[in-house]
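Please look at the sequence and the structure before reading on.

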Amino acid sequence: AMTTNDLAAGYHRKCDDRLAALEVLHARAAFSDVVRESQEVVELALKGMLRWAGIDPPKIHDVGDLLLQFAERFKGVSGHELTALAEASKELRKEREFSFYGDIDFIPTDEYDVEDADTALGQARLATACLGRLLGRPA
């Protein structure tokens, strides 16, 4: 039978593959896409962490608060990292639709720069690394 650990490992694989795709988007200066896809990676990684801890994640995009609520279950991930992940989750959730669809006065391809992309990519890498650590996978 498939365990929650198998599912968490599957999420980690997805995050890892998406990180590789993020490198390509970044190299093409597709900064709004890096921000959007980083949100997906962070969401997936955090939900993987929750599943690893035996918590069924709710069907919402930002699960950062749950991570903090159950902080003691994530041995090997520091309180500082959990806080950073919760903040990343909240920030990227806010940008999720804007970075993808934009708005009449907000053209995504104009509004995000390399700094935004670097920040988001760093957050996606951290989230993936933390999930990998819980699963006992080398970075």
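This is a predicted model: local features need pLDDT of at least 70, side-chain atom pairs count only at pLDDT 80 or more; totals for chains, interfaces and linings use all residues.

Residues are numbered from 1 along each chain as its sequence is written, and side-chain values use heavy atoms, with hydrogens and water left out. Helices (H or I, at least four residues) are DSSP runs, numbered from the N terminus.

H1 covers residues 4-27, and at 1.5 Å a residue its 24 residues should span 34 Å; the end C-alpha atoms are 35 Å apart, which agrees. The expected span is 1.5 Å times one less than the number of residues. Buried residues, meaning those under 20% relative accessible area (1.4 Å probe, protein chains only), are in H1 Ala8, Ala9, Tyr11, His12, Cys15, Leu19 and Leu22. These buried residues pack against H2 and helix H6 (114-134). An α-helix has 3.6 residues a turn, so residues three or four places apart point the same way.

## H2 beside H6

The axes of H2 and H6 come within 8 Å and cross at roughly 20°. That makes H2 roughly parallel to H6, a term for angles under 35 degrees. Axes here are lines fitted to C-alpha atoms, for helices over the stretch in contact, and angles run from 0 to 180 degrees between N-to-C directions. H2 passes H6 in a left-handed crossing, in which the near helix is turned anticlockwise from the far one by less than a right angle.

On the H2 side, the residues in contact (heavy atoms within 4.5 Å) include Phe31, Val34, Val35, Val42 and Trp52, and on the H6 side they include Val114, Ala117, Leu121, Ala124 and Leu134. The residues of this contact of H2 with H6 divide into 18 nonpolar, 4 polar and 1 charged. Ala, Val, Leu, Ile, Met, Phe, Trp, Tyr, Cys and Pro count as nonpolar, Asp, Glu, Lys and Arg as charged, and the others, Gly among them, as polar.

## Two residues of H6

Alanine 120 is found in helix H6. Its relative accessible area is 3%, so alanine 120 is buried. Alanine 120 and valine 35 are 85 residues apart in sequence, yet 5.5 Å apart in space, C-alpha to C-alpha. Leaving aside neighbours within four places in sequence, alanine 120 is in contact with Val34, Val35, Ser38 and Leu92.

Threonine 128 also lies in helix H6, and at 3% relative accessibility threonine 128 counts as buried. Not counting residues up to four places away in sequence, threonine 128 touches His12, Cys15, Asp16, Leu19, Val41 and Ala45.

## H2 across H4

Helix H2 (residues 31-52) and helix H4 (residues 79-101) have axes that come within 8 Å and cross at roughly 135°. H2 and H4 are therefore oblique to each other, oblique being what is left after roughly parallel, roughly antiparallel (over 145) and roughly perpendicular (65 to 115). The crossing of H2 and H4 is left-handed. Among the residues that meet are Val35, Arg36, Glu43 and Met49 in H2, and Leu85, Leu92, Arg96 and Phe100 in H4. The residues of the contact of H2 with H4 divide into 8 nonpolar, 5 polar and 6 charged.

## A loop proline

Proline 58 is found in the loop between H2 and helix H3 (64-69). At 31% relative accessibility, proline 58 counts as partly exposed, the class between buried and exposed (over 50%). Apart from its neighbours within four places in sequence, proline 58 is in contact with Lys47, Val63 and Leu66.
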